[in-house]
Amino acid sequence: QQQQQQQQQQQSIVQQAGGFAVGLRILTGNRTYTDVTLQGSIVRNPAAAPGAAAAAATISNLSVWVDRTHAGNASNTTFVEGGPVPLPVNASQAWFVPQESLQLSVFVDHSVVEVYAMGGLARVSSRIYPEADNVAWGLAVWSSPPQLPVKSGGSAAAAAAAGGGGWGVLMDAAVWEMQNAWLPPNC
């Protein structure tokens, strides 16, 4: 029941006007996977000048989640872990879109998943237990960009040019393979 409430909370944020989510799926073989999600809302800055992209909106209600619902039978019963990312209260320190980048760092070492959101402001540590060792793993990235409502009397094109309408998402990823720490490199 707690798991269902957390999933409903996650879905309600993305469905709000300005709600967004970005994430990745860690594919662990045999149709098992773990989802890592950074989600929140973008709120239009009413003081932004029309046509100005700078400081057109701020980020709010940011949260990070690790969902192990489909990670395999060996994982324990706490399937969804995570919570809010602490954001600055002072408006002068707020994250403005598009100047600030959302950061989600994910480190996986077989059964350990470490997630850091916004440079470590929020962290989630989790364990997954893959059902098979002899399968190839993979990654899939995805996003659900925010759609901000168009101001009355304006067109969608004008709203997009002024920082409304749809927002683009640019994702950058790096993957490193780690060597075994217990064996010399030439064994």
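Student: What makes E6-E7-E8 an open sheet of three strands with antiparallel pairing?

Tutor: In this predicted model, the three strands stand in the order E6-E7-E8 with antiparallel pairing, and the edge strands, E6 (104-109) and E8 (122-127), each pair on one side only. Strands here are DSSP runs (E, at least two residues), numbered from the N terminus. Local features need pLDDT of at least 70 and side-chain atom pairs count only at pLDDT 80 or more, while totals for chains, interfaces and linings use all residues. Residues are numbered from 1 along each chain as its sequence is written, and side-chain values use heavy atoms, with hydrogens and water left out.

Student: How do you know that E6 and E7 pair?

Tutor: Two strands pair if DSSP finds at least two bridges between them; E6 and E7 (residues 112-117) have six, in the antiparallel sense. Valine 106, for instance, has valine 115 in E7 as its bridge partner.

Student: Why is arginine 68 called buried?

Tutor: Buried means under 20% relative accessible area, exposed over 50%, and partly exposed in between (1.4 Å probe, protein chains only); arginine 68 has 1% relative accessibility and therefore counts as buried. Arginine 68 lies in the loop between E3 (57-67) and E4 (80-84).

Student: Why is asparagine 30 called partly exposed, whereas arginine 31 is called exposed?

Tutor: Asparagine 30 has a relative accessible area of 47%, so it is partly exposed, whereas arginine 31, with 82%, is exposed. Asparagine 30 is found in the loop between E1 (19-27) and E2 (33-44), and arginine 31 lies in the loop between E1 and E2.

Key. Helices (H or I, at least four residues) and strands (E, at least two) are DSSP runs, numbered from the N terminus.
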